[in-house]
Amino acid sequence: MTATGPRVQRISATPAARKAVNRLCAARGAPVMFVQSAGCCAGSVPMCFPAGELVTGAHDLLLGEVEGCPFYIDSALDTAWHNPHLVLDVADGEPEGFSLGPGSGQRFITRPACAEARSMSMNRSAESAPCGTDLALLRSRYASSGRKGHQEEQSSNEGRTMDREKAIDWIYGDG
Amino acid sequence: MEVLADVLPPGVVNVVTGPGAEIGKALAASPRIAKVAFTGETVTGRLIMQYAAQNIIPVTLELGGKSPNIFFGDVLAERDDLVDKAVEGLVLYAFNKGEVCTCPSRALIQQGIYDEFMALCLDRIGQIKQGNPLDTETMIGPQVSAQQLAKIASYVEIGRGEGAEVLIGGRRADVGGEFAGGYFFEPTVLKGHNKMRVFQEEIFGPVLAVTTFTGEADALAIANDTLYGLGAGVWTRDGSRAYRMGRAIKAGRVWTNCYHQYPAGAAFGGYKISGVGRETHKMMLEHYSQTKNLLVSYSTKPLGLF
């Protein structure tokens with residue numbers, strides 16, 4: 001029912017993710033599978049299902065295994081993302097969609113591996129490449145740099161735009 | 001639900017809350033369900049189609065987009081209201097903080113007008129007021145969750161790593177006061193090219209990926225170079241071109257000289273992995289109905305064949 005075997009393992013996992021996968025499999029008494037998602041809303045997160053729950057096909061690429069659990073990505077998505085090496089991790093928050101979570105208010109996430117992110121860099125020096133999407137890291141990075149509020153009065157828009165009610169009518173109405 | 005209570009008969013609308021892994025499959029795979037509609041990400045969409053196949057029921061899906069908003073050079077041929085409207089049309093990527101499936105999150109601007117048009121747009125983006133979402137002066141509020149905020153920030157980092165240039169924004173915003181620490185993100189514009197991940201994946205935040213094109217064929221090629229096909233915008237003073245583009249763009253809704261308009265009756269839905277089926281049109285009712293043919297004979301005579 002599946003899919004090409006992995007030539008190169010392009011999925012790795014943080015120690016916390018490996019522990020979470022083991023804990024989840026032990027609690028369920030059965031293995032799980034991961035499928036990288038895309039698109040609306042929660043979009044870019046990995047979905048975790050009981051092994052075999054999603055029927056995979058010829059276009060699902062097996063990136064490798066995490067603690068014996070397969071990790072798939074759609075091959076067209078893999079191409080659009082430049083064949084990334086992904087790192088499975090855990091972060092705070094509830095799992096999305098129909099995904100299983102590792103429990104304790106956590107969910108699985110993926111991020112590009114640092115080395116791969118650097119090699120993806122197309123026209124900029126390597127040192128600017130990102131190293132992940134860890135929430136704590138981002139929080140610390142962005143917490144102090146945010147811009148201040150809008151105390152200063154903006155120039156009047158009068159006459160240039162329609163009023164808000166009219167705009168709402170315009171968006172939802174038939175005009 | 002309180003508002004709906006007086007409109008709909010009891011039992012018509014039921015809200016079931018809980019973890020998706022527990023209630024999602026139970027609902028989607030239940031043989032008591034006659035039709036499923038889902039809005040969300042692609043893998044859950046696939047799973048729902050799989051469950052529907054097992055029960056042989058129809059399914060409609062809306063799975064997101066990466067909608068191009070295309071600005072031809074002739075937009076700046078006059079100095080009139082259309083210029084103002086087109087500038088606003090680009091800035092509509094920040095509408096509802098970009099948390100809209102049809103978010104015009106890719107702007108394609110014809111080379112000859114790029115500098116001038118982008119300067120106008122960046123000026124307008126700089127005037128966006130963030131803050132209390134219940135204040136009518138506020139233009140955009142906070143993102144829906146900490147997860148979403150982190151995802152948006154990570155995509156900006158991915159864009160930077162791929163060599164995209166941050167023209168404005170790019171950081172978490174602190175609006176101060178009682179909303180200090182809120183999940184605000186600065187309206188952001190990344191300049192790059194269409195092969196970058198930030199041009200290919202739905203970010204679901206106030207992040208615009210902008211690039212240039214040379215002519216109509218180039219614009220069309222870039223517009224359609226995506227896995228998605230939900231919305232698109234075309235801005236031009238040339239009606240024939242607008243029509244050609246509208247016909248050729250592989251998206252379920254192409255707005256011409258406007259964007260983010262959702263009148264009842266206009267079919268809405270996606271091409272490609274943006275989904276299956278159309279909503280907000282009479283044809284939507286057909287997804288939820290059966291066609292029955294009653295073939296009645298008024299004659300009492302047999303056919304005479306046997």
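Predicted model: local features only at pLDDT ≥ 70, side-chain atom pairs only at ≥ 80, totals over all residues.

Let's start with B:Phe71. Which residues is B:Phe71 in contact with, leaving aside its neighbours within four places in sequence? The list is B:Ala86, B:Leu90, B:Ala107, B:Leu108, B:Ile109, B:Gln110, B:Phe117 and B:Trp235. B:Phe71 also belongs to the largest nonpolar core, which has 112 residues. Along with A:Phe34 and A:Leu88, B:Phe71 is among those with the most contacts inside that core. The element that gives the most to this core is helix α6 of chain B, residues 146-161, with seven residues.

So, a look at α6(B) itself. Of its 16 residues, 15 are buried, meaning the helix is mostly covered. From first C-alpha to last, α6(B) reaches 22 Å, close to the 22 Å expected at 1.5 Å a residue. Just after the helix comes B:Gly163, with a positive phi of about 100 degrees.

Staying in chain B, go to strand β8, residues 188-191. This strand is covered on both faces: B:Thr188 and B:Leu190 are buried on one side, B:Val189 and B:Lys191 on the other. What pairs with it? There's strand β5(B), residues 165-168, antiparallel over three bridges, where B:Val166 has B:Leu190 as its bridge partner. Then there's strand β9(B), residues 207-213, which runs parallel to β8(B) and is joined to it by four bridges. In that pairing B:Val189 stands opposite B:Leu208.

Zooming out for a second, chain B has ten helices and twelve strands. Its C-alpha trace spans about 80 × 50 × 40 Å along the principal axes. Buried residues make up 47% of its 306 residues. And if you take the contacts in chain B with a separation of 6 or more, 60% are between residues 24 or more positions apart.

Over to chain A. Here four strands make an open sheet with mixed pairing, in the order β3-β2-β5-β4. Strands β3(A), 46-50, and β4(A), 60-66, stand at the edges with a single partner strand each, so one side of each has no neighbour in the sheet. From one strand to the next, the twist averages 25 degrees. If you follow β2(A), residues 32-36, you'll see that it pairs with β3(A) in the antiparallel sense over five bridges, and that A:Met33 has A:Phe49 as its bridge partner. Helix α1(A), residues 15-28, lies across β2, β4 and β5 of chain A, at about 95 degrees to β4(A).

Most residues other than glycine have a negative phi. A:Ser104 isn't a glycine, yet its phi is positive, about 55 degrees. B:Lys97, also not a glycine, has a positive phi of about 50 degrees. You'll find A:Ser104 in the loop between β6 and β7 of chain A, and B:Lys97 in the loop between α4 and β4 of chain B.

Buried or exposed, then, for A:Ser104? A:Ser104 has 9 other C-beta atoms within 10 Å, so it counts as exposed. For B:Lys97 the number is 26 within 10 Å, so that one is buried.

That's my tour, thanks.

Terms used
Residues numbered from 1 in each chain as written. Chains lettered and ligands numbered in written order. Pairing = 2+ DSSP bridges. Helix = DSSP H or I, 4+ residues; strand = E, 2+ residues; numbered from the N terminus. Axes fitted to C-alpha atoms, helices over the stretch in contact; angles between N-to-C directions. Contact = placed C-beta atoms within 7 Å. Buried ≥ 20, exposed ≤ 12 C-beta atoms within 10 Å, placed from the backbone. Core = buried A, V, L, I, M, F, W, Y, C linked by C-beta atoms within 7 Å. Expected span 1.5 Å × (residues − 1).
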